[in-house]
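Hello,

Here is the structure I promised to pass on to you. Please have a look at it first; my notes follow below.

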Amino acid sequence: MKRPFSFLAHPAALVGSGTALIAATYGLVRLAYGLFLPDVQQSLSLGDGPAGWIASGSSLVYCLGALVGFVLVPARPRATVVLATLTAGCGVGVTAVSTGPVVFGVSAVLASAGAGLASPALVRLVQRDLPADRVDRAQAVVNSGTGPGLVAAGLVALVLLPDWRTAWTAAAVVTLLAGAAVLVTDGRPRHRHGATVEPSRPVGLPPRTWFVAHRRLVVVALLLGAGSAAVWTYGRSLLVDAGTSATVSILAWIALGAGGAAVALTARRLGELRARDAWTVTCAAVAIATLGLGLAPSMPPTALVVVALVCCALFGWGYTAATGALIAWTTELDAQRAAAGTSVLFVVLVLGQALGAGLAGSAVRAAGTGPVFLVAAVVVGLGALLTLRTPAGPAGRSTRRGPARRSSPGSTRAGLARDAGSPAPGTR
């Protein structure tokens, strides 16, 4: 007799629910902070400095969540999904009912851990439940959830703001439902082709010699994270301060998410480039977009709207594609440690965001958002310029050259998830 509702255990159902959980934990919770920030500041009298440090703390806790997931996922992926769902859903739920900056800040920081936990857990479940020949495509679909999540957050904001409490209450409900759906649709197979599916073990971090050999790669990842933090944290605030309407500023955020989702359309063309060159191009796009946003407040109203929409879309595309190029570049340089190296580099990138958000928050009070964005553009641009002097990877580089294949604004999850859920680095 067939199980009632056995269709829920179909692989496509897990892919759909996993994509929804990524969209919720990243797009509706972690990265929506900057979208709702202007209304939160007005409601709770939250200053620019504390707002920046909250964003900084969120990035640090995200890294902590990813590292915890790195340890838990091999043996307990479902428990990790539960932990991710509760931290993100309950964290943002408390944020929605907070009445003061302290409770708001603590809950917002805690909620960011959910994204770091969700990514490796989902990669492990997809790898465990799906046939081997379908895993890569399914992972790409699940990992693409951040872009649609950002667009969904923008649409929610368009309808509900300035009522940010209701918006984040809706995000909490969606997150909890998405997490429950993942648990229901996980088939939990015991055997595949007659063999027991054993939990894989993390492969560990690269040795110290790896950091020495690839120190410039570590530096440029840090620079991208630090420079991009201004847009993620104060992007909408800059537009609101420049006099744009709430609708225009929210549409700009939707454009940012759409730009990230559009990476799929340019994946083949970027895949024809050497990963180092793809990094240079996409990182330069982030710098140009950040510079354009920094200059936008000095433009006439009509030009301001056009520049804001274009630059936000360009930023979303460039950031997403750059994180994907980082994965491919790591593989080209050292295929044997591609997964572990990617884990390290993406943690460095998010730590850069923590540093950048904190510094930007302090600087905004003294200099304003425009000058801070100009400095941020220089920081990101430096990350692009440094790669022009980086030696090319070995001639026998990996044939998997598409830098944007697994990228997303939360692409930190790709490297950590591979280490937590794959049998060995570079095998996927």
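In this predicted model, helix α1 (residues 11-30) packs on helix α7 (residues 146-160) at an angle of about 50 degrees, and their axes are 7 Å apart. Helices here are DSSP runs of H or I with at least four residues, numbered from the N terminus. Axes are lines fitted to C-alpha atoms over the stretch in contact, with angles from 0 to 180 degrees between N-to-C directions. The pair is therefore oblique, the class left over once angles under 35 degrees (roughly parallel), over 145 (roughly antiparallel) and 65 to 115 (roughly perpendicular) are taken out.

On the α1 side, Ile22, Ala23, Tyr26, Gly27 and Leu28 meet Thr146, Gly149, Leu150, Ala152 and Ala153 of α7, where contact means heavy atoms within 4.5 Å. By class, this contact has seven nonpolar, three polar and no charged residues. Ala, Val, Leu, Ile, Met, Phe, Trp, Tyr, Cys and Pro count as nonpolar, Asp, Glu, Lys and Arg as charged, and the others, Gly among them, as polar.

Buried residues of α4 include Thr80, Ala84, Gly91 and Thr95; buried means under 20% relative accessible area, exposed over 50% and partly exposed in between, with a 1.4 Å probe and protein chains only. The buried residues of α4 pack against α1, α3 (48-72), α5 and α8 (164-185).

Two residues from those partners are worth a look. Ser107 in α5 (residues 101-129) is buried at 5% relative accessibility, and beyond its neighbours within four places in sequence it touches Gly91, Val94 and Thr95. Thr169 in α8 is partly exposed at 38%; its C-alpha lies 8.5 Å from that of Thr95, 74 residues away in sequence.

Finally, the loops. Most residues other than glycine have a negative phi, and most peptide bonds are trans. Between α7 and α8 sits Pro162, joined to Leu161 by a cis peptide bond with omega about 15 degrees. Ser45, in the loop between α2 (33-44) and α3, has a positive phi near 55 degrees and is exposed at 66% relative accessibility.

Residues are numbered from 1 along each chain as its sequence is written, and side-chain values use heavy atoms, leaving out hydrogens and water. Local features need pLDDT of at least 70 and side-chain atom pairs count only at pLDDT 80 or more, while totals for chains, interfaces and linings use all residues.

Best wishes

Methods: Helix = DSSP H or I, 4+ residues; strand = E, 2+ residues; numbered from the N terminus.
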